[in-house]
Amino acid sequence: MHRTLATTRRGLLRGATALGALGLLPRGALAQAPGALTLWTPGGSDLFCRIHTDLVTRFAATGADGLTGGTVTCGRGQNTEYTQVLMGAISSGSPPDISILWDSPIALGAQGAFMPLDDMMAASSVPAGTWPAGLLRSVRFRDQTFGLPVTAGIYGMWYNEEMFEAKGIPADRASFPKTWDEMRALSKEFTVWDGDRLAVAGFMPPRAVESMAVWSALNGGRLFDGDAMRYTLDAPENVAMFEYFLAWLDEEYRGDVNLIDRSGNFTDSYPSSTTGLGPAFREGRLAGLQDGSWVMGDIWADPEPTFTRWNIAAHPVGPGGSEAVSGTWPNWFVIPTGAANPQAAFDYLAWLSVDGVVDWYRQIPDVPTNSQVQAVPPDVVVERRGAEFAADVTAFLQAQAAVATPMWDSPVQSFGNDQLARAMEKIYTKTATPAEALAEAQAASQAELERVLGG
């Protein structure tokens, strides 16, 4: 289920850009029937939909805010279609009270599509201070908050404890490499070539666009400055970051990403939808990789891993960095403009963020992010790895949410991601230097941002 969500989210990000410049969406009139709380989701598995239906029904049954019932509509379109359906409902004055988004609310909130939540937050049990600052940046635009990051996929360094121990390497989380240099040195301990085929690998130079903000922050940089509303893709820290990754590629992986990709799926923990290759990490041919906490619910799916004991550690720090940070892919919740029951909708989100989310996390390991949550570990992790490990990894992930670097905070997030993806392809295939490729991506992204902001 979570792999489907990750793929779908990329499409949804593009949908926001296609809806026009900021400020063009009408406000819409109240249209929903009073007393009925309505929630829409872009999609999700049967389990995901059942969870949210149960939570809305349970809250509505309390009679809070005069509610007499609640309904969940799960799957109002795919990819950009959901954004278009939601915007159409807002424009016609018939939106739901609440929508889950799989892209940041900033772009559409700035257009007037979503209600600012600041006044309700200040008077609620979930004020701004109870949320990780890095996550709030993904929902704030010009001092207004347009959504709540109720749960998140928390990025961390997944690794195979059994591969470590087989080589006599300490496998506890505290012993995991603290710097890029240490991780790069450790990686060599595992990497084995069979002719031109990469048989086994340690760690890979990062290639996932969506989490590149984390690696930039680890090297003392950033991809986007939300305070100044300016892209910083070609900053010296980012140029140095990709130069470091290229040197790593040359030293350990024969300088050829295509050779790596022909040898197996070494960049993801899921089967490849394009090549059909299985995930090297689950196959026991990759010692570790960066991935999100959603893998906790999916790792035992087909194909099952060849090992039992995995763990998650903090990210190592780059040569230009000073502290370990994490990153997230949140489940954002918004209240559309024109919602019939805005206060009831917010009260539900406040309850969901602290109380309802406990059951959500038990069934699907989307990590609760509000600091007040007393999380109960996911059932599947307890069953497979034991209660002690499940509690430990839950506490670790919640602590990582607190040090999440700001990301998903650009009004043209999708456009910027696409430009960075093109730059990374040129860098890793060596058709442009990091400085050249990032300068081109910077110019295009900044120009688009200024166009959308109107100057």
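The model is predicted. The chain has 17 helices and 14 strands. Its radius of gyration is 22 Å, close to the 23 Å that the globule rule gives for 455 residues, so the chain is as compact as a globular protein of that length. One disulfide is present, and it joins Cys49 to Cys74.

**Overall build**

- The C-alpha trace spans about 70 × 55 × 40 Å along its principal axes.
- Of the 455 residues, 59% count as buried.
- Take the contacts in the chain with a separation of 6 or more: residues 24 or more positions apart account for 77% of them.

**Surface and charge**

- The chain carries 32 positive and 51 negative charges.

- The sulfur atoms of Cys49 and Cys74 are 1.9 Å apart. That is a disulfide because the cut-off is 2.5 Å.
- The torsion about the S-S bond of Cys49 and Cys74 is about -70 degrees, so this disulfide is left-handed.
- Cys49 sits in helix α2 (residues 46-60) and Cys74 in strand β2 (residues 69-74), so the pair ties together parts that are 25 residues apart in sequence.
- Are the two cysteines buried or partly exposed? Cys49 is buried, at a relative accessible area of 16%. Cys74 is partly exposed, at 27%. The two fall in separate classes because buried means under 20%.
- Thr57 also lies in helix α2. Thr57 counts as partly exposed, with 42% relative accessibility.
- Thr57 and Ser99 are 42 residues apart along the chain. Their C-alpha atoms are separated by 16 Å.

- Most residues other than glycine have a negative phi. Two residues with a positive phi follow.
- Arg254 has a phi of about 55 degrees, though it is not a glycine. Its place is the loop between α10 (236-253) and α11 (257-263). Arg254 is partly exposed, with 42% relative accessibility.
- Lys430 has a phi near 65 degrees, again positive in a residue other than glycine. Lys430 belongs to the loop between α16 and α17 (434-453). Its relative accessible area is 43%, which makes Lys430 partly exposed.

**Buried residues and their partners**

The contacts below leave out residues up to four places away in sequence.

- *Gly153.* This glycine is in strand β6 (residues 148-160). Gly153 is buried, with a relative accessible area of 3%.
- Which residues is Gly153 in contact with? They are Ser293, Trp294, Gly327, Thr328 and Trp329.
- Gly153 and Leu289 are 136 residues apart along the chain. Their C-alpha atoms are separated by 15 Å.
- *Phe389.* Helix α15 holds this residue. Phe389 is buried, with a relative accessible area of 13%.
- Phe389 is in contact with Trp310, Asn311 and Val381.
- The C-alpha atoms of Phe389 and Trp310 are separated by 10 Å. Along the chain, the two residues are 79 residues apart.
- *Thr405.* Where is Thr405 found? It is in the loop between α15 (387-401) and α16 (413-428). Although it is in a loop, Thr405 is buried, with a relative accessible area of 12%.
- Thr405 touches Gly134, Ala213, Val214, Ala217, Val325 and Ser326.

Note on methods:
Residues are numbered from 1 along each chain as its sequence is written. This is a predicted model: local features need pLDDT of at least 70, side-chain atom pairs count only at pLDDT 80 or more; totals for chains, interfaces and linings use all residues. Side-chain values use heavy atoms; hydrogens and water are left out. Helices (H or I, at least four residues) and strands (E, at least two) are DSSP runs, numbered from the N terminus. Buried means under 20% relative accessible area, exposed over 50%, partly exposed in between (1.4 Å probe, protein chains only). The radius of gyration is taken over C-alpha atoms; the globule rule is 2.2 Å times the number of residues to the power 0.38. Contact means heavy atoms within 4.5 Å. Lys and Arg count as positive and Asp and Glu as negative; His and the chain ends are not counted. The place of a charge is taken as NZ of Lys, CZ of Arg, CG of Asp or CD of Glu.
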